[in-house]
Amino acid sequence: MTGAARYTIATLLLAVLAAVLLLVSPAGAAEPLLGRYLSKVQPGELFAGADRFGPIQASAPLAPVHKGDALVGYAYLNSDFVNTTGYSGRPIHVVVGLKPDGVVSGAKMVDHHEPIVLIGIPLEKITTFINGYVGRSVLELASQSAATPPVDIVSGATVTVMVIGDSIVRSGKKVMQALGSAAPEAAPTVVKSLLPGPGEVRDWESLVGDGSVRRLTLSVGDVNAAFERTGKAEAIARPEPGEPGESFIDLYVGLATIPTVGRSLLGDAEYETMRAWLKPGQHAIVVAGSGRYSFKGSGYVRGGIFDRFELIQNEGSARFRDRIHKRLGSLAAAGSPNFPEIGLFALPDGAEFDPAEPWRLQLLVARATSAMDKAFVTFDLGYQTPDKYLKIERVAAPAPAAPTPAATAAAAAAAQDEAEEVPLWRRVWENRVFDIAVVVIAIGVLTTIFFFQDLLVQRPVLYGRVRTAFLVFTLVWLGWWAKAQLSVVNVLTFANALRTDFRWDYFLMDPLVFILWFSVAASLLFWGRGAFCGWLCPFGALQELATKGAKALKIPQVTVPFGLHQRLWPIKYMIFLLLFGLSLYSLADAERAAEVEPFKTAIILHFVREWWFVLFAVALIAAGLFIERFFCRYLCPLGAALAIPGRMRMFDWLKRYRECGNPCKRCSNECPVQAIHPDGQINPNECIQCLHCQVLYHHDRKCPVVIQKRLKRERREASADTAPAPKAREAVLTTDPASGALTMRPRAD
């Protein structure tokens, strides 16, 4: 038994042992997960102005969401209602806010293991996709049978976003069904408004003491610490000068349209002037500050915007302009400090602002990091109008607090036809009929090439054109266009699914990838891994086409000594086993480590990602310009994963002569991946089924055996001539010392 055979058997045994460990690993029991993930979401992220979650209901994993005492909707986790298995084989958890009428008010992805999102697609793109469902009715979306989401999908993460979108709609429909069968009890609504009246005049200490005026104090050390938390080296390298305890800013704010606050801070005359200045329903604030930092700044111009602070309430914000503010020399409240900066700022006309609801003044601090760039940190000064200035009324909850009759009827109808619902994977397949047809035809063409390879390889020019055309198709259409690049991540997620929650519908989500894997599984029994690696791998096609271009440009090719080559190709098996073992501990970590494959960068994302990933992929392609298919030979973990079961192939389609390897070594020298040993044996683990050796096998100008047959045929044809011919000297096989190939030479007299 050869060393390579022993290594392959050992590798196979290790893989079988690891698979057994996978199969016997226990799977966790399914239970509602809302309680675990609800803490990762703020109520205001799901419903504008919401301030708290109610207790999770016992009848269904739903958490009521309240704005004050008013019920505004429900929060739920999509994976508590429907299967949300994504590309990673793990659930994608999204907390959704749903109004009583079935309209999505907000959603946030709280946990996932998608490799394309962990490393590749920015999370912001996925968030934008999810936000596209906000304001849409899940009942209306559920009635549509199209597989394409109503929101633009994210290129490169098709399966991920389609699972997210489908789960939001289907889980929302089930939530509406649950709500329709048990409508919640209406809660009273609390209405707050400012108390009318002239108010009273109070001193500075009492205003600050009861929260009528709020304060924010920052030291130099506070600001430097905030910039350190940004992690930006340029900002950290330029700290604010001074002692850490030195005052940076002492900022105060009060709502001047509260009669008591306004009269106390402005004085009676200025307060009445302000009331005449403001339009009905418009509000104003008083801001005062001291310290080395100016909250106004010096960069604004007449009519410009104060860019160092803004007022934020719920999802809205308001900035202040110079023309709607007044400079104040001092505050009227007894005992107030002498502030160098005081201003009365009116909120812009038409701004949505409720004086009875909490709001905050956000202060922006900038620090130059270069001649053109700055780093920023913000500090919040929260404000809540004290209850003594508010009029509080309790009224019956409005009808929308419970599902509308139309929503209840629609939910009931949805429950009736739920059994007839077409699964998402079937809708995806129906929507990609053309792509499926193209892939099936391509696989059919490749199968024909293999079954009738003798007819093709006997025509070297035709073979070269067919192979080049197929590689271009694989790279351009299958890879860059359809993004059907198989990966070792698929192998790891399949193994993970076997030990957790195996479901065929997940693997059917991407029809092209599923068809390719099905064809690869079948081809392993016939041709080993070569059918995929040599013909259907987009990155492999990219490497080979790049090598063709390098040879056309006369770039010198490096021949790796066979002894060194034998010690390098096992590296990819080690990489695969490391990834496989890591996946047993953490699939997410294994997916990150699988970036050793440049497929995502070069094929899926078209080289549009962080520079270090692009540099790595370009370096591998550049290495392939000198050593053909460098990555395939020595580093590809997917090739290693396919080679292990490929040892079970039932047929040997590659023909050999007894003279192959001894004495002729032409095939060994010309094999593009050095899969042929000097002794003439083909290593099936490394063979990519390019069929180049079969072209040589039939070539009557390159293969010595065929050359000898051709010469004998020519002598027979010459003997048919009537004229006597000189006796031909007998030809013998000799070895070319330069190439190692056999050639035919006449025997010496």
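Which residue stands opposite S219 in β8? S247 of β8 stands opposite S219.

The model is predicted; local features need pLDDT of at least 70, side-chain atom pairs count only at pLDDT 80 or more, and totals for chains, interfaces and linings use all residues. Residues are numbered from 1 along each chain as its sequence is written, and side-chain values use heavy atoms, with hydrogens and water left out.

The protein has 32 helices and 18 strands. These elements are DSSP runs, numbered from the N terminus: helices are H or I runs of at least four residues, and strands are E runs of at least two. Of the 749 residues, 49% count as buried. Buried means under 20% relative accessible area, exposed means over 50%, and partly exposed lies in between (1.4 Å probe, protein chains only). The accessible surface comes to about 35,800 Å². Carbon and sulfur atoms hold 59% of that surface. Such areas come from the Shrake-Rupley method with a 1.4 Å probe; for residues, only the protein chains shown count as cover. Among contacts with a separation of 6 or more, 71% join residues 24 or more positions apart. Contact means heavy atoms within 4.5 Å.

Strand pairing was examined next. Two strands pair if DSSP finds at least two bridges between them. Strand β7 (residues 213-219) pairs with β8 in the antiparallel sense over 7 bridges. Strand β8 (residues 247-255) is largely enclosed by the rest of the structure, because 8 of its 9 residues are buried. Antiparallel to β8 runs strand β9 (residues 284-290), joined to it by 6 bridges. Here G254 has V286 of β9 as its bridge partner.

An open sheet is formed by 5 strands in the order β1-β2-β3-β4-β5, with antiparallel pairing. Its edge strands, β1 (52-53) and β5 (104-111), each pair on one side only. Within the sheet, 5 bridges join β2 (residues 63-67) to the antiparallel β3 (residues 70-77). V65 has G73 in β3 as its bridge partner.

Strands β14 (residues 359-368) and β15 run antiparallel and are joined by 10 bridges. L364 stands opposite T378 in β15. Strand β15 (residues 374-383) has two faces. A375, V377, F379, L381 and Y383 make up the covered face. K374, F376, T378, D380 and G382 make up the uncovered one.

The interior was then considered. A nonpolar core is a set of buried Ala, Val, Leu, Ile, Met, Phe, Trp, Tyr and Cys residues joined through side-chain atoms within 4.5 Å. The largest such core has 81 residues. V439, L516, F532, F539, L638 and L691 touch the most other members. Helix α15 (residues 433-451) gives the most to this core, with 8 residues. Apart from it lies another core, of 55 residues, including V213, L266, Y271 and I342. F539 touches Q485, P598, F599, A602, I603, I621 and F631, not counting residues up to four places away in sequence.

L638 also belongs to helix α29, where it is buried. Helix α29 (residues 637-646) is mostly covered, with 9 of its 10 residues buried. M650 lies in the loop between α29 and α30 (666-670). M650 counts as exposed because its relative accessibility is 55%. L525, M648, M650 and F651 form a nonpolar surface patch, with about 400 Å² of accessible area together. Patches are made of residues with over 30% relative accessible area and no salt bridge; like charges are joined within 9 Å, and nonpolar side chains (Val, Leu, Ile, Met, Phe, Trp, Tyr) within 5 Å. A salt bridge is a side-chain nitrogen of Lys or Arg within 4 Å of a carboxyl oxygen of Asp or Glu.
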